[in-house]
Amino acid sequence: MEPIKDMKGTAELLARLGLRDSNSGACEVDWIENPGGRLLESINPATGGVIARVKMASLEDYEYVAATAETTFLNWRNLPAPQRGEVVRQIGVALRENKEDLGLLVTLETGKIRSEGEGEVQEMIDICDFAVGLSRQLYGLTIASERSQHRMMEQWHPIGPLGIITAFNFPVAVWAWNAMIAAVCGDTMIWKPSPETPLTAIVVQSIVNEVASRLDCRGVFNLVVGDANDVGERMIHDRRLPLISATGSTRMGERVGAVVGRRLGRAILELGGNNAIIVTPTADFDMALRATVFAAVGTAGQRCTTARRLIVHESIYDGFLERLVNAYGSLRIGDPWEEGTLVGPLINERALDTMKNALEAAVEQGGRVVAGGQRLERPGYFVEPAIVEANPGMTIIGEETFAPILYVMRYETVDDAIAIQNGVAQGLSSAIFTNDVREAEQFLAPDGSDCGIANVNIGTSGAEIGGAFGGEKATGGGREAGSDSWKAYMRRQTCTINRGRSLPLAQGVRFDVG
Ligand code: UN1
């Protein structure tokens with residue numbers, strides 16, 4: 001194998017983030033004293049080189065961590081929520097201090113460009129701020145009782161330790177959405193990160209550990225780097241975890257949902273998307289173009305919110321497609337840590353194969369590749385983002401291929417466009433570009449977009465944390481991050497208090513004893 005040229009300063013970066021360097025050029029990270037799992041390699045997708053080797057947890061190690069989360073919960077749930085918020089506030093401060101380095105590590109391990117790596121850390125900081133505020137606003141309702149001298153109210157209590165399973169593409173932000181909200185809600189947690197991104201998880205965990213030991217609350221945030229087949233399975237079966245929040249493919253979510261459902265646990269599922277942008281004749285075409293390119297090729301097409309389908313009105317189709325193809329021609333693909341790069345590598349070789357197979361299937365089904373699709377002749381997993389002229393009948397369009405393929409289709413009426421947009425199994429994000437208020441409102445109406453996210457004159461990706469994030473249908477129905485998503489991390493208790501001296505029964509039922 002040829003020697004691999006890695007990002008300059010990798011060793012220094014890892015050292016600054018507290019990871020030990022070894023003679024081999026890669027660093028061995030022992031996270032717990034005697035972890036019993038196998039060695040996992042963290043690969044830089046931009047070079048194919050090994051960044052570090054991580055010793056994974058065995059089932060025995062998992063047991064230790066789960067017991068820690070379980071016992072810590074007994075105290076954590078009783079701490080006043082604003083005090084839990086203070087822990088989260090300090091985590092936010094620590095993340096701010098490490099923003100640049102941590103962003104660079106995200107870039108190194110996922111291949112997303114620097115600005116997106118830092119953006120991911122910013123997303124963590126944002127959710128910390130949100131959760132701190134929330135820690136003083138965990139409110140319930142008071143409801144009118146039908147009985148005299150009675151008061152009825154709702155309160156929200158911590159639900160217990162939860163399991164958080166995250167994907168490689170947002171290796172830390174999505175964990176933070178769950179973890180920071182869960183923490184202020186009074187839950188403890190166990191995080192199982194993607195095996196593609198163990199380093200980012202370990203560094204974030206050590207930042208959190210430092211804050212936790214300073215504030216005397218170790219054991220609230222826990223990490224298990226483990227195999228899906230043993231540790232992952234054990235975790236979703238574990239009755240000590242009343243809630244599992246999982247991000248990943250629809251296939252993975254079906255497994256998690258089934259196992260957790262069978263034990264009547266609760267699952268928050270954030271699964272595959274197959275997001276579309278509709279471009280109408282009244283759209284601002286410059287904006288629509290920029291938004292489409294960012295949504296389709298940002299993070300090399302590896303966001304669950306990536307635009308995978310573009311539905312363009314027939315009257316503007318040719319001109320818009322031409323501009324899009326030109327824009328793709330000028331994309332800078334390359335080292336994600338270099339200024340000016342817009343498209344980094346895919347996560348691994350398998351992702352390249354999946355993309356290749358999808359493009360072949362598209363051509364077989366009558367599609368026409370009008371831009372990109374070729375692998376770059378260089379180490380790492382680089383590919384040119386592809387545009388495929390397609391029609392809604394092609395079955396491949398129904399699949400979420402986690403790579404930069406954009407299927408472009410024509411429509412005649414807005415009704416058709418919305419039907420095409422809704423005509424897939426997934427229901428995460430959707431967008432329309434229009435300056436016609438009627439079209440915009442139709443898109444947002446009950447019979448408009450069927451997705452969890454519906455945007456007007458904004459692309460499908462890049463949601464803010466303040467809103468509830470998630471989608472319908474095969475996307476799993478879960479909601480995370482902002483708005484009232486916190487309610488999923490707590491148990492609701494309806495309390496009725498009788499201050500009188502008699503015992504009236506609801507619904508006028510009489511039951512006189514003696
Ligand atoms: C994901 O791809 O799993 O809305 C999350 C976005 C980001 C989060 C994506 N804020 O694109």
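Student: How many bridges join β17 to β18, and which way do the two strands run?
Tutor: 4 bridges join β17 to β18, and the two run parallel. Two strands pair if DSSP finds at least two bridges between them, so this counts as a pair. Strands themselves are DSSP runs (E, at least two residues), numbered from the N terminus, and helices are runs of H or I with at least four residues.

Student: Before we go on, where does the model come from?
Tutor: It is a predicted model: local features need pLDDT of at least 70, side-chain atom pairs count only at pLDDT 80 or more, and totals for chains, interfaces and linings use all residues. Residues are numbered from 1 along each chain as its sequence is written, and side-chain values use heavy atoms, leaving out hydrogens and water.

Student: What makes β13 and β18 edge strands?
Tutor: The open sheet has 7 strands in the order β13-β14-β15-β12-β11-β17-β18, with mixed pairing. β13 (368-371) and β18 (453-456) each pair on one side only. For β13, 3 bridges join it to β14 (residues 386-389), and these two run antiparallel. In that pair, Arg368 stands opposite Glu389 in β14.

Student: How do you know that β17 is mostly covered?
Tutor: Of the 5 residues in β17 (429-433), 5 are buried, where buried means under 20% relative accessible area, exposed over 50%, and partly exposed in between (1.4 Å probe, protein chains only). Ser429, Ala431 and Phe433 lie on one side, Ser430 and Ile432 on the other.

Student: Why is Gln426 called buried?
Tutor: Its relative accessibility is 8%. The limit is under 20%, so Gln426 counts as buried. Gln426 lies in strand β16 (residues 426-427). Among the residues Gln426 touches are Gly272, Glu399 and Lys473, contact being heavy atoms within 4.5 Å.

Student: Why does Val509 count as partly exposed?
Tutor: Val509 has 44% relative accessibility. That value falls between the limits of 20% and 50%, so Val509 is called partly exposed. Val509 is found in the segment after β22 (490-498).

Methods
Lists of a residue's contacts leave out its neighbours within four places in sequence.
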